[in-house]
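Reader: I'm new to this one and would like a quick tour. Could you put it up, and I'll ask as we go?

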Amino acid sequence: MQIFGNQPGSPAPAAPASHVKDSTDGSFMADVVEVSKSVPVLVDFWAPWCGPCRQLGPVIEKAVNAAGGKVKLVKINIDENPQVAGQLRIQSIPAVLAFVNGQPVDGFMGALPESQVNDFIRRVSGETDTAALEDTLERAEAALADGDAGGAAQDFAAVLQADPKNARAIAGLARVYLSQGDREGAGEILAQVPPALAADPAIAGVRAAMELASEGEDAGDPADAWRALEAAGGRGASERYTLARALIGAGDLEGAASQLLDSIAEDREWNEGAARQLLLRVFDAAGQGSDLTKAGRKRLSSILFS
């Protein structure tokens, strides 16, 4: 027969570990400053008469306990313990300060919703929300592709704030500068890339884009190259190659890839395969995972093996 409940003499089930405690002015150093040298400590300044404090309390306690020890929560009733609150210039409650290595490093005021409290805990504990960062990166890259340099820059910067070594975000921000014709600004960003990221495909792609753009400076005006192609009857591997170089200099990698593919289709061996060599560099500059490169490689294969 199944018996529910504890058997006589059996130990009671352990209560869930709590990472929340009350503290006082007298124990603040021990409970907050010292503990924060090994794990971030959130300090919740509250009072019994404060409605928003009563609203925030259960939310933040639940979130801290759910974090499983990545942070601790210390609650201080400012009516009974005004000294520390005064020293930290707490003027409105609820107020939450995060301490790391004995120092306040972040905080918020008011009764935030649970989602924002969780975001705050992730930020303080150094935990990265990978899915959220991926969404932001994709939005930034889409904005850049649509010509929204400002929106792209804002999203790339947000990712870097959460993850300073994110190669895609670093490369993306450099591409924002390139899209505005500011190779110097892009170069300054790349100059700060940690050595460990130097070989990352995203970083390498931006460097390739910068080199191509620099080489394309002497390629002339795309409008002149278009007229030369039209004068040749809209055909000519050489004319298309010249137009592609001019488009690269103007920052139009997609247009350049299209002309190079047309050049290869007309004469794949022209000038010892110069168009194909330049096209592969365009793919590197656009990024191996870009839509331009994926579509371009598919068409190139069709041309070469048809």
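This is a predicted model: local features need pLDDT of at least 70, side-chain atom pairs count only at pLDDT 80 or more; totals for chains, interfaces and linings use all residues.

Reader: Which residues does L279 touch?

Author: Not counting residues up to four places away in sequence, L279 touches A257, L260, L261, I264 and L300.

Reader: New topic. Where is G172?

Author: G172 sits in helix α7, which covers residues 167–179.

Reader: Is G172 buried or exposed?

Author: G172 counts as buried, because its relative accessibility is 5% and the cut-off for buried is under 20%.

Reader: And what does G172 touch?

Author: Leaving out residues up to four places away in sequence, G172 touches L144 and F156. As for A157, its C-alpha is 9.4 Å from that of G172, and the two are 15 residues apart in sequence.

Reader: Now α2. Why does its end-to-end distance agree with its number of residues?

Author: Helix α2 (residues 51–66) has 16 residues, so at 1.5 Å a residue it should span 22 Å. Its end C-alpha atoms are 24 Å apart, which agrees.

Reader: Where does α2 bend?

Author: The bend is at G57, by about 25°, and a proline, P58, follows within four residues. Just after α2, G68 takes a positive phi of about 65°.

Reader: Which residues of α2 are buried, and what do they pack against?

Author: The buried ones are C53, L56, G57, I60, A63 and V64. They pack against strands β1 (20–22), β2 (41–46), β3 (72–77), β4 (95–100) and β5 (103–109), and against helix α4 (114–125).

Reader: You mentioned β3. Is K75, in that strand, buried or exposed?

Author: K75 lies in β3 and counts as buried, because its relative accessibility is 9%.

Reader: What does the side chain of K75 make a polar contact with?

Author: The side chain of D44, at 2.8 Å. Leaving aside neighbours within four places in sequence, K75 is in contact with V20, K21, D22, S23, D44, W46, G57 and E61. G57 in that list is also where α2 bends.

Terms used:
Residues are numbered from 1 along each chain as its sequence is written. Side-chain values use heavy atoms; hydrogens and water are left out. Helices (H or I, at least four residues) and strands (E, at least two) are DSSP runs, numbered from the N terminus. Buried means under 20% relative accessible area, exposed over 50%, partly exposed in between (1.4 Å probe, protein chains only). Contact means heavy atoms within 4.5 Å. The expected span of a helix is 1.5 Å times one less than its number of residues. The bend at a residue is the angle between axes fitted to the seven residues ending there and the seven starting there. A polar contact is a pair of N or O atoms within 3.5 Å; within protein, one must be able to donate a hydrogen and the other to accept it, and residues adjacent in sequence count only if both atoms are side-chain atoms.
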